[in-house]
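Here are my notes on the model you passed along. Have it open while you read, and take the points in order.

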Amino acid sequence: MAEAKVHAIAVMTSGGDSPGMNAAVRAAVRMGLHHGLKVFGVYNGWQGAVDGGSAIEEMNWHSVGGIMQRGGTFLGTARCQEFRTREGRRQAAAHLFSRGIDGIIVIGGDGSLTGARILSEEWPELLQEAAGLGLITLPEGAKPTLAVVGLPGSIDNDTYGTDMSIGADTALHRIVDAADQLMSTAAAHQRTFVMEVMGRNCGYLALAGAVSSGAHWVLIPEEELKPRWHQAMVASLLRGRELGRRHAIIMQAEGARHTDGLPLEAKTVADILTKQLGAETRVTVLGHVQRGGAPSAFDRVLATRLGAGAAQDLIANGADMPPRMLGLVNNQVHATRLDEMVEKSREVGKRIEAGDYEGALALRGASFTDQLKLLETITGPAPTHERPLGNILIVTAGHDCPGMNACVRVVTRLAREKGFDVFGAHYGLAGLMEDRITELKWMDVGGWTARGGSELGAGRMELGAEHMHRLASVLEERNITALVVIGGLDAYMSAQLIAQHRRHHPGLYIPIIVIPASINNNLPGTEFSIGSDTALNNIISAVDNIKDTAGANKRAFVVEVMGYDCGYLALMAALASGAEQVYLPEEGITLQQVTQDVASLQRGFENGKLLSILIFSEHASATYDQDIIRRILDAEGSDQFDVRSIVLGHVQRGGSPSPFDRILATRLGAAAVNYLSENHESTYARCVGLRGNGVVTLDLDKALAEMDWPAERPKVQWFMELRDLTRIL
Ligand code: ADP
């Protein structure tokens with residue numbers, strides 16, 4: 001190991017709190033300790049640094065145990081006026097310096113991180129001044145530096161330099177839960193709701209909330225309202241009602257503005273709707289509910305990656321690099337200079353203030369504007385124009401999974417908007433062959449976004465050459481001109497087989513697009529498959545519940561999760577739940593390892609631990625199944641601790657899809673339809689996926705060549721990069 005460029009680091013959370021901050025602190029502290037650094041926690045943000053004393057506390061491994069599943073931040077956070085003054089910062093510098101701290105990790109918004117940058121710039125002078133006042137002693141000729149790494153902690157997701165800030169995904173969970181509930185009461189009473197969500201200069205939560213809840217209109221700060229916008233809104237909602245929609249939800253960001261730039265109150269929108277729709281419209285302001293509760297799986301993993309990355313960055317670069325912020329860009333940890341991040345983050349607000357909405361939207365990036373455009377299409381009450389482009393048939397194949405319905409909905413609506421007629425096959429490929437096909441009209445898929453499983457019905461079927469004749473004749477009779485298959489590896493293999501049999505069956509000469517949907521995340525051509533985020537959240541909430549049962553008895557739980565040959569769910573669940581050990585199919589299990597695990601459990605329990613979690617992927621080993629592992633651990637633990645096993649099973653597949661899965665389903669579904677509509681006259685078999693910097697479509701054969709047969713997983717799996725993190729933390 002090269003020598004660390006810092007010796008003692010401090011970690012703090014500052015500004016508004018956000019769920020996931022605890023996981024970031026935990027990872028930063030433990031990674032620092034792992035590298036032999038002294039690590040301090042600063043309580044209450046910059047206030048703690050100014051106060052010193054017990055507000056700056058040395059941390060050990062256990063100081064950050066058992067906090068990951070908690071919302072908020074155990075370090076506390078505050079706003080601090082004194083720190084905005086030089087005297088305040090001098091005091092803070094003296095307190096940090098006197099503990100030997102030469103690196104700091106600040107988790108917060110742009111204000112908190114600006115404070116860190118200023119402190120770092122002024123550090124040598126502040127220390128000189130403090131020495132002059134006798135607050136510290138500064139060795140002759142010393143050239144002290146303060147290395148700074150910031151992390152984006154904000155539920156608004158308004159930070160430049162990261163695709164997601166820590167807390168935004170959890171806030172989205174709260175919004176989508178609330179919207180789902182409003183939808184059901186709204187539908188019962190034929191009501192309209194205006195739901196106000198956070199985001200003063202950032203429409204992310206409103207936009208992503210609307211995409212993932214299936215809301216019917218969205219109002220965000222970055223989009224300029226056209227004159228008489230309210231008439232367009234009312235007309236769209238009225239048309240929806242004529243077509244049978246029983247309810248409507250308007251998703252509004254708190255920072256939405258009138259055409260003249262003045263704030264647009266949710267109540268104003270509600271009044272317009274009450275008057276013009278002739279029905280009562282209620283306002284729901286979600287407020288601080290959005291900040292609350294246990295962090296989502298995504299936020300725990302994001303925060304863990306960034307927290308660990310921050311400590312590693314300080315160790316590797318110290319003050320050689322200017323103050324920087326780590327974010328996640330295209331699923332990779334990425335550093336941006338703090339001054340650049342602050343300037344660009346604030347620029348959006350300035351543009352909105354100046355009425356330059358186009359500029360503000362452009363700064364949000366392509367994915368944001370694409371989603372906004374898409375939302376305008378799919379939330380409308382009906383397609384706006386008709387061109388007979390062909391007939392698309394949608395099949396959900398193999399196992400069903402959460403997010404399939406959201407995907408069918410967007411494919412149906414967008415394809416109709418583009419001028420296709422759309423049909424659905426019931427009960428997968430078997431149903432297709434039995435001609436169990438119905439037309440999917442615009443309103444048929446209303447309200448599908450929130451529903452788990454597959455409304456069309458899925459089902460496994462071993463497709464073979466002998467089925468091709470029947471399949472081709474159904475497609476021909478129905479005049480199907482394109483096939484969209486949503487599913488897991490079954491779907492990919494079936495689509496490939498169909499494409500291979502085109503020569504013999506003219507009815508199969510149609511374009512085929514596969515959309516990845518499987519909780520296992522074991523599919524080629526994509527980093528994420530629809531359903532896997534929901535499954536992960538199901539797992540970690542089950543593990544959270546298990547943790548709550550910790551009592552006086554020392555106990556280890558071996559929790560078996562799904563994944564087939566792919567360790568994604570197991571590894572991410574281990575990372576997001578702080579599990580002791582994870583058994584993966586990618587690695588197998590050796591007796592030697594189990595022996596080490598016994599020793600490590602014994603050590604842990606001797607040191608006061610009461611509960612330990614081990615995550616077991618269902619195909620981790622052909623020899624040692626979960627029960628054998630449990631029995632070995634139990635026998636070796638003898639009277640020191642006992643071991644229980646839990647098989648989560650189908651609980652993992654169940655429930656309403658997470659916001660991430662709904663958004664992924666929407667993006668991938670839209671990409672499939674866009675590709676089809678631009679290439680509807682040629683014949684191909686392709687799949688869509690989320691990869692690197694965005695959504696891609698790939699040749700199906702090429703994608704399947706990425707598989708690590710006979711293991712049913714891709715050869716390269718990005719998440720295996722995180723394996724070491726689970727070992728260290
Ligand atoms: P956020 O970090 O969420 O953007 P604030 O803007 O309120 O929240 O900043 C949090 C704290 O960071 C402030 O109370 C203050 O202590 C510190 N801070 C913010 N801006 C500055 C600044 N320009 N100089 C020094 N400290 C600052």
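1. Helices (H or I, at least four residues) and strands (E, at least two) are DSSP runs, numbered from the N terminus. With that settled, look at the sheet of 4 strands: this open sheet runs β7-β8-β6-β9, with parallel pairing. Its edges are β7 (217-219) and β9 (281-285), each of which pairs on one side only. From one strand to the next, the twist averages 20 degrees; such angles run from 0 to 180 degrees between N-to-C directions, with axes as lines fitted to C-alpha atoms, for helices over the stretch in contact.

2. A word on what you're looking at. This is a predicted model, where local features need pLDDT of at least 70 and side-chain atom pairs count only at pLDDT 80 or more, while totals for chains, interfaces and linings use all residues. Residues are numbered from 1 along each chain as its sequence is written, and side-chain values use heavy atoms, with hydrogens and water left out.

3. Strand β6 (residues 192-197) and strand β8 (residues 248-253) pair over 6 bridges in the parallel sense, and Thr192 has Ala248 in β8 as its bridge partner. Helix α8 (residues 266-277) packs on the sheet and touches β6, β7, β8 and β9, where contact means heavy atoms within 4.5 Å. The direction of α8 makes about 170 degrees with that of β6.

4. Now the sheet of 7 strands. This one is also open, ordered β3-β2-β1-β4-β5-β10-β11, and its pairing is mixed. β3 (56-58) and β11 (332-337) are the edge strands, each pairing on one side only. Neighbouring strands here are turned by 25 degrees against each other on average, direction ignored.

5. Another is α9 (residues 297-317), which touches β1, β4, β5, β10 and β11 and makes about 140 degrees with the direction of β10.

6. Have a look at the β10/β11 end. Strand β10 (residues 324-329) pairs with β11 in the antiparallel sense over 6 bridges, and Val329 has Gln332 in β11 as its bridge partner. The loop between β10 and β11 holds Asn331. Asn331 has a positive phi of about 65 degrees, although it is not a glycine. Most residues other than glycine have a negative phi, and most peptide bonds are trans.

7. Pro710 sits in the loop between α22 (700-704) and α23 (723-728).

8. What surrounds the ligand? There are 15 residues around it, the closest being Arg79, Cys80, Gly109, Gly111 and Ser112; a residue is near if one of its heavy atoms lies within 4 Å. Helix α4 (residues 110-132) gives the largest share of this shell, 6 residues.

9. The side chain of Asp110 has an N or O atom 3.4 Å from an oxygen of the ligand, and that of Arg84 has one 3.4 Å from a ligand nitrogen.

Technical notes
Pairing = 2+ DSSP bridges. Polar contact = N/O pair within 3.5 Å; in protein donor to acceptor, adjacent residues only side chain to side chain.
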